[in-house]
Amino acid sequence: IERLKISNADEIQRIWTLILQETYKRGELFTLSLHPERIMECKSSLIGVISRAKNMHFKVWIATLREIAEWWKEKSTFRKSQTTH
């Protein structure tokens, strides 16, 4: 936001939504990182993009970075089971 000098909430939401949609199409992870001092400034944009994510056709997991890290830790313990015939 600062580097691009974008301060209009609608424009921020529009950009984040475009990124969300493209990421969704690719089946990839969209991570929105927001500095704490920017939360109030970007509140409406953040609410808008989260609302959009919640209404995607296929369910989207909305998680904190902590939850994602815990998921990766858990996933790292999974092992492919081998079946013998």
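Partly exposed, as I use it today, means a relative accessible area between the buried limit, under 20%, and the exposed limit, over 50%. Arg 38, at 22%, is therefore partly exposed. Keep in mind that this is a predicted model.

My topic is the salt bridges. The count comes to 4.

I'll stay with Arg 38 for a moment. Its side chain meets that of Glu 41 in a salt bridge, 3.1 Å from N to O. Glu 41 has 38% relative accessibility, so this residue also counts as partly exposed.

Next, helix α1, which covers residues 9-26. Glu 11 and Arg 14 both lie in this helix. Their side chains form a salt bridge, with 2.9 Å between N and O. The two residues are 3 apart, about one turn of the helix. As for accessibility, Glu 11 is at 28% and counts as partly exposed. Arg 14 is at 43% and counts as partly exposed too.

Also in helix α1 are Glu 22 and Lys 25. How far apart are the closest N and O atoms in the salt bridge of Lys 25 with Glu 22? The distance is 3.3 Å. Again the residues are 3 apart, so about one helical turn separates them.

Is Lys 25 buried or exposed? Lys 25 is exposed, because its relative accessible area is 64% and the cut-off is over 50%.

Definitions and conventions. Residues are numbered from 1 along each chain as its sequence is written. This is a predicted model: local features need pLDDT of at least 70, side-chain atom pairs count only at pLDDT 80 or more; totals for chains, interfaces and linings use all residues. Side-chain values use heavy atoms; hydrogens and water are left out. Helices (H or I, at least four residues) and strands (E, at least two) are DSSP runs, numbered from the N terminus. Buried means under 20% relative accessible area, exposed over 50%, partly exposed in between (1.4 Å probe, protein chains only).
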